[in-house]
Amino acid sequence: MTVRIDNCFETLKLTNKKALITFLTAGDPNYDLSLELIKSLPEAGADIIEIGMPFSDPMADGPAIQASSLRAINSGHKMEKTFEMIESFRKDNSRTPIILMGYFNPIYNYGVDSFIKKIIDIEVDGVIVVDLPPEEDNELCNALECADLSFIRLVTPTTNTDRLNKILQKTSGFLYYVSIAGITGSKRPEINEVETAVQEIKTKTNIPVGVGFGIRTKEDIKRVGDFADGVIVGSVLVDIIKNNEHESSVKDKIMKKVREFASAV
Amino acid sequence: MDKLNSYKLGPDQNGRFGIFGGRFVAETLMPLILDLEKAYQQAKKDDSFQSELAYLNKYYTGRPSPLYFAERLTDYLKTAKIYFKRDELNHTGSHKINNCLGQILLAKRMGKTRIIAETGAGQHGVAVATVSARFGIPCVIYMGAKDIERQKPNVFRMKLLGAEVVPVRSGNSTLKDAMNEALRDWVANVNDTFYIIGTVAGPHPYPEMVRDFQSIIGKETKEQILDQEGRLPDQLIACIGGGSNAMGLFYPFLDDKSVKITGIEAGGMGLQGEKHCASLTAGRPGVLHGNRTYLLQDDDGQIIEGHSISAGLDYPGIGPEHAWLKESGRVEYFAITDSEAVEAFKICTKTEGIIPALEPSHAIAHLINIAPNLSKNDLVVMNLCGRGDKDIFTIAEHLNMEI
């Protein structure tokens with residue numbers, strides 16, 4: 001529901017806080033741990049949870065998130081299991097917005113109508129599909145809009161004014177500003193340039209703006225939080241799963257990181 | 001579909017051939033793709049662009065390639081009159097150069113100073129490295145680490161030509177992963193870089209653009225067969241990986257209803273398991289690398305790695321125009337196994353004194369299979385799109401022979 005995302009940003013605004021948006025891939029490294037991680041995120045300070053739907057060929061993602069998709073797929077993860085995870089999460093949490101992020105093929109393969117029906121059923125709030133630009137709105141975006149679900153758009157450093165206007169025509173929930181021309185988790189963004197871009201966007205829309213791609217430190221989060229409405233972190237969390245063979249320590253380390261980040265927004 | 005007046009009108013303004021094609025790319029790439037489309041539409045109509053391309057095709061590549069009457073193969077099969085379109089005689093040894101020359105001229109025109117490309121078997125990589133050397137533009141070729149192992153001579157050629165060959169270890173380390181990596185490079189180097197895609201796939205306008213540059217194959221064939229036989233052929237046959245040589249041969253004939261057109265996919269070890277690359281005959285529609293087309297995928301929409309003895313056919317997708325031509329019924333598609341292709345390779349080599357690449361060997365194998373059903377008066381044109389020097393090691397391994 002769009003309203004859950006809207007409420008989240010409005011509530012934070014009252015206390016002059018920004019949203020910490022955390023990304024983890026569903027099923028990484030396996031179903032049970034992944035579910036446990038997602039369930040623990042709100043308490044650690046995540047305001048919005050972004051869940052990656054694994055795909056074999058994530059062409060906009062860097063090595064960290066590619067590897068997380070593969071770990072999930074190799075552990076036997078399927079689309080249905082992502083839905084099961086969310087269903088289980090919603091049993092104890094009806095407040096935190098959930099955004100599904102991924103690529104179009106698994107959704108197309110599942111069937112667009114069935115996908116929408118399912119995510120309404122399990123109370124997903126929004127969807128980010130990397131390879132659906134405004135030119136392909138008939139594929140999914142228009143149907144999501146009718147169903148009162150947010151289709152969260154990406155704006156990038158290559159987006160010119162004409163395109164920005166086109167993108168703003170149909171976007172809801174929040175706008176995802178991609179802070180670098182590049183893939184997830186690669187180079188560090190030039191925060192000053194990001195600030196200029198976000199301010200430009202804010203002259204044109206009241207929709208909250210979240211910033212992501214390449215943000216890995218508390219300092220950058222603090223800096224971005226000064227001008228954006230939300231900060232998105234993914235690769236830095238996913239790397240913790242990759243670097244820790246012992247599952248027992250993964251949860252503690254990720255939640256510690258999330259708490260640290262939450263204190264900066 | 002019988003009501004169609006022409007099969008040559010695609011793609012539409014959204015880059016669609018029916019439901020296939022499109023522009024399924026990240027927002028970062030969208031402005032580039034729109035720029036490219038605009039630049040290509042202008043270049044297409046520009047006489048100076050076309051005449052420079054025509055000049056290079058003639059004096060650099062050696063076009064037109066001959067349309068050769070394969071007399072001994074015809075005798076051997078005791079069937080229709082068989083012609084080979086000899087694109088293996090091109091500079092760099094395959095049809096890939098036709099497209100690379102077109103795209104690098106466009107890159108130059110757009111003021112781009114860096115070239116990137118993906119390659120599987122290395123034929124496209126060699127062609128890109130060649131034109132990059134010819135135009136003095138630095139180039140980076142992404143190639144799966146597994147393919148680098150399998151195709152050492154081509155890797156060495158690319159390096160000699162001055163290209164940087166980057167091994168891709170993500171995913172399964174083959175062609176589709178090389179394409180993912182090239183797209184990632186492009187996203188990160190949007191201002192100065194031109195991506196030369198090697199086949200009729202990818203986001204619009206690539207399928208259209210590559211088809212147009214390759215269509216010289218079909219245009220020449222039409223003139224040559226009319227000149228040599230005084231009539232159109234009864235059948236065209238070409239192999240299909242991504243489908244660029246086939247699209248190039250087929251396109252000028254699509255509205256000639258009397259010409260039967262057949263595309264041949266890599267059946268690998270047979271269509272029953274997963275060890276093949278027959279996306280049209282055994283896959284289903286999906287979205288990958290910027291376009292909707294037939295793909296090899298599992299029940300959850302994850303892309304499956306194909307297999308073929310021929311690294312050039314080893315791609316889990318297919319150009320979107322082929323997907324549309326299949327559904328419209330204009331072109332028929334069949335699969336040929338590794339073993340059938342090797343057998344055809346041997347027959348062609350011995351009867352014609354031409355060592356074909358393993359890719360067109362698939363098309364020859366189909367020709368051999370259908371020979372009993374053809375009449376002696378039939379004219380068949382097969383696109384001999386690459387030479388087989390690169391494949392001798394693979395053939396030796398398949399036949400358990402030592403070189």
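This is a predicted model: local features need pLDDT of at least 70, side-chain atom pairs count only at pLDDT 80 or more; totals for chains, interfaces and linings use all residues.
Leaving aside neighbours within four places in sequence, S310(B) is in contact with L358(B), E359(B) and H362(B). S310(B) sits in a loop of chain B, between β12 (290-295) and α13 (320-328). Is S310(B) buried or exposed? S310(B) has a relative accessible area of 0%, so S310(B) is buried.

Stay in chain B and turn to a sheet. Four strands form this open sheet, in the order β7-β6-β5-β8. Their pairing is parallel. In general, strands of a sheet pair through backbone hydrogen bonds, either parallel or antiparallel. Which strands lie at the edges? They are β7 (164-168) and β8 (193-195) of chain B, and each pairs on one side only. Neighbouring strands of the sheet are turned against each other by 25 degrees on average, direction ignored.

Now follow strand β5(B), residues 114-119. Five bridges join β5(B) to β6(B), residues 139-144, and the two run parallel. Two residues of β5(B) show how the strands line up. I115(B) stands opposite C139(B) in β6(B). E118(B) stands opposite Y142(B) in β6(B). There is also a link to β8(B). Three bridges join β5(B) to β8(B), again with the strands running parallel. Here I115(B) stands opposite F194(B). How covered is β5(B)? Six of its six residues are buried, and the strand is mostly covered. In a regular strand the side chains alternate between the two faces of the sheet. In β5(B), R114(B), I116(B) and E118(B) point one way. I115(B), A117(B) and T119(B) point the other way. The residues of both groups are all buried.

Helix α4 of chain B, residues 96-109, lies across β5 and β8. It runs at about 155 degrees to β8(B). Helix α8 of chain B, residues 175-188, lies across β5, β6, β7 and β8. Helix α8(B) runs at about 160 degrees to β5(B).

Between α8 and β8 of chain B comes a loop, and D192(B) is in that loop. D192(B) has 31% relative accessibility, so D192(B) counts as partly exposed. Which residues does D192(B) touch, not counting residues up to four places away in sequence? They are K112(B), T113(B) and R114(B). D192(B) and R114(B) are 78 residues apart in sequence. In space they are 6.0 Å apart, C-alpha to C-alpha.

Next, move to chain A and a pair of helices. Two packed helices are described by the angle between their axes and the distance between the axes. Helix α2(A) covers residues 31-44, and helix α4(A) covers residues 79-92. Their axes come within 10 Å and cross at roughly 35 degrees. The crossing is right-handed. From α2(A), the contact is made by Y31(A), S34(A), L35(A), I38(A), K39(A) and P42(A). From α4(A), K81(A), E84(A), M85(A), S88(A), F89(A) and D92(A) take part. By class, this contact has six nonpolar, two polar and four charged residues.

Two of those residues form a salt bridge. The closest N and O atoms of K39(A) and D92(A) are 3.8 Å apart. K39(A) lies in α2(A) and D92(A) in α4(A), so the pair ties together parts that are 53 residues apart in sequence. K39(A) counts as partly exposed because its relative accessibility is 34%. D92(A) has 61% relative accessibility, so D92(A) counts as exposed.

A second salt bridge in chain A joins R216(A) to D239(A). Their closest N and O atoms are 2.7 Å apart. Where do the two partners lie? R216(A) is in the loop between β8 (209-212) and α10 (218-225) of chain A. D239(A) is in helix α11(A), residues 235-243. The pair therefore ties together parts that are 23 residues apart in sequence. R216(A) has 31% relative accessibility and counts as partly exposed. D239(A) is buried, with a relative accessible area of 14%.

D177(B) forms one with K176(B), and their closest N and O atoms are 3.5 Å apart. D177(B) and K176(B) are both buried. Elsewhere, salt bridges that share partners join K44(B), E208(B), R211(B), D212(B) and E321(B) into one network. Over all chains, the count comes to 44 salt bridges.

Key: Residues are numbered from 1 along each chain as its sequence is written. Chains are lettered from A and ligands numbered from 1 in the order in which they are written. Side-chain values use heavy atoms; hydrogens and water are left out. Axes are lines fitted to C-alpha atoms, for helices over the stretch in contact, and angles run from 0 to 180 degrees between N-to-C directions. A crossing is left-handed if the near helix is turned anticlockwise from the far one by less than a right angle, and right-handed if clockwise. Contact means heavy atoms within 4.5 Å. Ala, Val, Leu, Ile, Met, Phe, Trp, Tyr, Cys and Pro count as nonpolar, Asp, Glu, Lys and Arg as charged, and the others, Gly among them, as polar. Buried means under 20% relative accessible area, exposed over 50%, partly exposed in between (1.4 Å probe, protein chains only). Two strands pair if DSSP finds at least two bridges between them. A salt bridge is a side-chain nitrogen of Lys or Arg within 4 Å of a carboxyl oxygen of Asp or Glu.
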